[in-house]
Amino acid sequence: MDILQQAGASALGSRFRRLAERLSLQAADVYRYYELALEPTWFPVLYALSKQTSASITELAGMTGQSHPFISKIVKQMQAAGLLCSVPSATDKRVNTLVLSEKGQAIMPVLNRQVNDIGHALSAWLNDVSPDLLCALTKLEDGLEHTCLLELVTQRARLPEGYRIVSFRDGDETAFYELNKAWIERYFVMEESDKAALLAPQSYILDKGGKILLMLAPDNSVCGTVALIAMPKSTFELAKMSVSDLHQGMGLGYELGLAAVNLAKRLKAKRLFLESNRKLTPAISLYKKLGFYELTKSAPSPYCRCDIQMQLDLH
């Protein structure tokens, strides 16, 4: 009986940690086979510096997606082993960068051969075990970059049973368009600025650094939307928030707004901006509940219906 498999998704971190330990132990055997006196944990730094001649610890942390303290520890070990040297940056002499030493450079041909061999061997093996595993892993890493586990747990506790918030997916274009069109035409008329975003959310919002979140009902149908549209100066516009008539009165709009605010924080935004109309009293109240305040000096709006602009400072 595997207790971690029994625990399901709640043990995901423990299972990845266990898998990493098993792979590291077996990788050590591979290094010995190639007569490389290396620790498996050093590989990301070696590989990064083989692709980029020099890099600071901060840059290496960014390139590998690992923490600054972890990379600092690895670098000290590698320097003690004589594989790395510290040299002044070519662009800023006050900053030291790391480069491969002569000893480090000397092992690269063997390391590259090992990388090539193990890559081919694992690719063939993974194709038999799970052909889409690497693609799924990439999606998981990308998703976790902008997801907070604590937020997912508390959000589930607040939402009605069966409802959940997800990122925009291929195939959601029609629901995104129809929900927002219905909301706009209940009070106003569709404008050209509306059509630009709603007819092409991928190119108008997502490809420009924006995000779209969707509320799913228990039957997995899309019942709510909200978008973050990228603007200059680390700002996002909160826009295209809508909830289906059939799902009103359950606090779903507030949860969508809160999820968008939290996502903007993780994206390092400094502020959120929105435009609305004063006659939409419930919407204005919701924005104020989220922390937005009215701007006294407003810029021209692309929407004829807009008569109020609001902002939320995040930093």
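First, the ground rules. This is a predicted model, where local features need pLDDT of at least 70, side-chain atom pairs count only at pLDDT 80 or more, and totals for chains, interfaces and linings use all residues. Numbering starts from 1 along each chain as its sequence is written, and side-chain values use heavy atoms, leaving out hydrogens and water.

Now the cavity. By cavity I mean a set of points, on a 1 Å grid over the protein atoms alone, where a 1.4 Å probe fits but cannot get out. There is one of 30 Å³ or more. The largest cavity holds about 280 Å³, volume being the space filled by probe spheres set on the points, joined across faces, edges and corners.

What lines it? Lining residues have an atom within 4 Å of a point. The largest cavity has 18 of them, with Trp-183, Ala-239, Lys-240, Glu-275 and Arg-305 nearest its centre. Helix 9 (173–187), strand 6 (235–243) and strand 7 (271–276) each give two or more residues to that lining. Strand 6 has the largest share, five residues. Helices here are DSSP runs (H or I, at least four residues), as are strands (E, at least two), numbered from the N terminus.

Seven strands form an open sheet, order 3-4-5-6-7-9-8, with mixed pairing. Pairing takes at least two DSSP bridges between two strands. Strand 3 (164–167) and strand 8 (293–294) are the edges; each has a single partner strand, so one side of each lacks a neighbour in the sheet. Strands 6 and 7 run parallel, joined by three bridges. Glu-237 has Phe-273 of strand 7 as its bridge partner.

Notes
On a 1 Å grid over the protein atoms alone, a cavity is a set of points where a 1.4 Å probe fits but cannot get out, and a pocket is an open set with protein on both sides within 12 Å along at least five of seven lines; lining residues have an atom within 4 Å of a point.
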